[in-house]
Amino acid sequence: MKSVGLTFPPPPLSPPRFHHLKTLQFRTLCSSNPSQSTKAIETDSRPEYKPGIFDDLFLKLFRNKMVQEVGWNSEKPGYDGLIEVANRLMVRRSNSDAREAAVRILRSLFPPFLLEIYKMLIAPIQGGKIAAIMVARVTALSCQWLMGPCAVNSVDLSDGSSWRSGVFVERCKYLEESKCVGICINTCKLPTQTFFKDYMGVPLLMEPNFSDYSCQGLSCNRVAIPVSRF
């Protein structure tokens with residue numbers, strides 16, 4: 001099957017802070033080489049992020065797990081090589097196969113007993129509030145090497161409560177560097193939602209914005225539905 005690139009629209013001059021993405025019922029194929037993409041995304045406005053002392057370790061661990069799943073590694077070092085491996089994850093796979101592979105990668109990052117304990121003992125506390133808040137804080141602290149600058153924000157729920165269980169990514173590095181909606185949806189958004197819900201007991205909704213490359217993550221319980229973020 002021939003791979004094709006996907007052209008992104010240019011970011012608006014004054015993009016809305018949040019953009020709700022309701023559904024994406026399509027399959028997107030991307031070039032196995034990100035440099036062949038038809039859109040050269042401007043990076044002048046990307047928020048500056050200074051790598052921490054553990055970022056290289058996290059990057060190497062995540063890339064190694066991805067390489068084990070794909071069975072191939074890029075010759076490029078660092079983040080550029082990670083993006084090439086992510087592209088290869090999509091090659092000759094259906095969208096569902098790519099999502100299942102991405103879930104396996106996420107599971108391999110954690111000891112199985114840790115996920116089971118979290119789901120059984122932590123997730124039920126206070127209707128899921130503690131688990132959702134913990135997930136948001138840990139994500140904001142440990143995943144900026146992958147996504148770029150992000151911060152915890154509040155989520156208003158349909159039952160009238162408000163939790164500090166959202167994570168807002170100002171300009172997602174993974175989406176911007178991959179230049180591919182398919183990679184975003186099938187190796188990040190949908191697999192991550194499945195992983196947190198099925199293996200950690202924390203329902204999660206991720207809302208990528210393909211105009212300004214931001215992303216809003218919302219974790220809540222099984223009953224209350226997020227209605228707004230701030």
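1. The side chains of E84 and S74 are joined by a polar contact of 2.6 Å. E84 belongs to helix α2, which covers residues 78–90. Is E84 buried or exposed? Its relative accessible area is 11%, and the cut-off for buried is under 20%, so E84 counts as buried. Keep in mind that this is a predicted model.

2. Confidence first. The chain has a mean pLDDT of 82. Of its residues, 74% reach 70 or more. Among the elements, α3 has the highest mean pLDDT, at 98. Strand β5 (residues 226–229) has the lowest, at 51.

3. Two stretches call for caution. Over residues 1–29, pLDDT stays under 50. The model still has 58 contacts beyond four places in sequence for residues 1–29. Residues 34–44 also stay under 50, with 22 contacts beyond four places in sequence. Where pLDDT is low, predicted coordinates should not be read in detail.

4. The overall layout is as follows. The chain has eight helices and five strands. Along the sequence they follow the pattern α-α-α-α-α-α-β-β-α-α-β-β-β. Of the 230 residues, 48% are buried. Take the contacts between residues at least 6 apart in sequence: 66% of them join residues at least 24 apart.

5. Back to α2. This helix is mostly covered, with 10 of its 13 residues buried. E84 is one of the buried residues. Others include Y79, G81, L82, I83 and V85. A86, N87, L89 and M90 are buried too.

6. What covers the buried residues of α2? The cover includes α1 (55–70), α3 (95–108) and α6 (144–147). It also includes α7 (173–178) and α8.

7. The pairing of α2 with α8 deserves a look. Two packed helices are described by the angle between their axes and the distance between the axes. Helix α8 covers residues 181–200. The axes of α2 and α8 come within 10 Å and cross at roughly 80°. The range 65 to 115 degrees counts as roughly perpendicular, so α2 is roughly perpendicular to α8.

8. Which residues meet there? From α2 come A86, N87, L89 and M90. From α8 come G182, I183, N186 and T187. The residues of this contact divide into four nonpolar, four polar and no charged.

9. I183 sits in helix α8. Its relative accessible area is 0%, so I183 is buried. I183 and R99 are 84 residues apart along the chain. Their C-alpha atoms are separated by 9.6 Å.

10. Check the backbone at R92, which follows α2. R92 lies in the loop between α2 and α3. Its phi is near 55°, a positive value in a residue other than glycine. Is R92 buried or exposed? R92 has a relative accessible area of 84%. The cut-off for exposed is over 50%, so R92 is exposed.

11. K179 is another point to check. This residue is in the loop between α7 and α8. Phi of K179 is positive, near 55°, and the residue is other than glycine. K179 has a relative accessibility of 17%. That value is under 20%, so K179 counts as buried.

Definitions and conventions: Residues are numbered from 1 along each chain as its sequence is written. Side-chain values use heavy atoms; hydrogens and water are left out. Helices (H or I, at least four residues) and strands (E, at least two) are DSSP runs, numbered from the N terminus. Buried means under 20% relative accessible area, exposed over 50%, partly exposed in between (1.4 Å probe, protein chains only). A polar contact is a pair of N or O atoms within 3.5 Å; within protein, one must be able to donate a hydrogen and the other to accept it, and residues adjacent in sequence count only if both atoms are side-chain atoms. Axes are lines fitted to C-alpha atoms, for helices over the stretch in contact, and angles run from 0 to 180 degrees between N-to-C directions. Angles under 35 degrees count as roughly parallel, over 145 as roughly antiparallel, 65 to 115 as roughly perpendicular and the rest as oblique. Contact means heavy atoms within 4.5 Å. Ala, Val, Leu, Ile, Met, Phe, Trp, Tyr, Cys and Pro count as nonpolar, Asp, Glu, Lys and Arg as charged, and the others, Gly among them, as polar. pLDDT is the predictor's confidence in each residue, from 0 to 100.
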